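Me: Hey, I've got a structure here that's new to me. Can you walk me through some of the strands and loops?

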Amino acid sequence: MGSVRKASAWLGLVDDNDDERYYDDDNYAGGQESGDAWVTDPRVKVASETAEEKGRRIGTVTPDSFRDARGIGELFRDGVPVIINLTAMEPSDAKRVVDFAAGLTFGLRGTIERVATRVFLLTPAHTEIVSGEAAGRPTDGFFNQS
């Protein structure tokens, strides 16, 4: 359905039943297996299960409003590092989310770090951040040609 047609359907100017033409009853399975998320690539599920077993998960959240802060808190409380991208938010709501995240990390003994403009990384207490700074590189090498 085109964007003009969608807008017209949203305004109630035309019927919104054109979506039925996209489904073929013979080819449509009509549901999901219980408890499994629908994915197109089976490797996605295997990768996420392996990551969950080894504790190698990182959550990314791009909140629209302060109401999405609960999802950030639930991920962080479960011990998952969270990247918060606040670029889509109003500055006043973004400030509230940052204040919430700062309190959350303080309360659970984690850390908050600004990664980029309006992008923050929350890390739980048991997580170590490995930096790729030049301090870890050897001083006697190819790039030290003085």
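Me: How many bridges join β2 to strand β4, and do they run parallel or antiparallel?
Reply: There are 4 bridges between β2 and β4 (residues 119-123), and the two run antiparallel. Pairing takes at least two DSSP bridges between two strands, and strands (E, at least two residues) and helices (H or I, at least four) are DSSP runs numbered from the N terminus. This is a predicted model, where local features need pLDDT of at least 70, side-chain atom pairs count only at pLDDT 80 or more, and totals for chains, interfaces and linings use all residues. Residues are numbered from 1 along each chain as its sequence is written, and side-chain values use heavy atoms, leaving out hydrogens and water.

Me: Which residue stands opposite I83?
Reply: L121 in β4.

Me: What about β1, in which sense does it pair with β2?
Reply: Parallel, over 3 bridges, with β1 covering residues 59-61. V61 stands opposite I84 of β2.

Me: Switching to loops: where does R109 lie?
Reply: R109 is in the loop between α4 (91-107) and β3 (111-116). Its phi is near 60°, a positive value in a residue other than glycine. R109 is exposed, at 71% relative accessible area.

Key: Buried means under 20% relative accessible area, exposed over 50%, partly exposed in between (1.4 Å probe, protein chains only).
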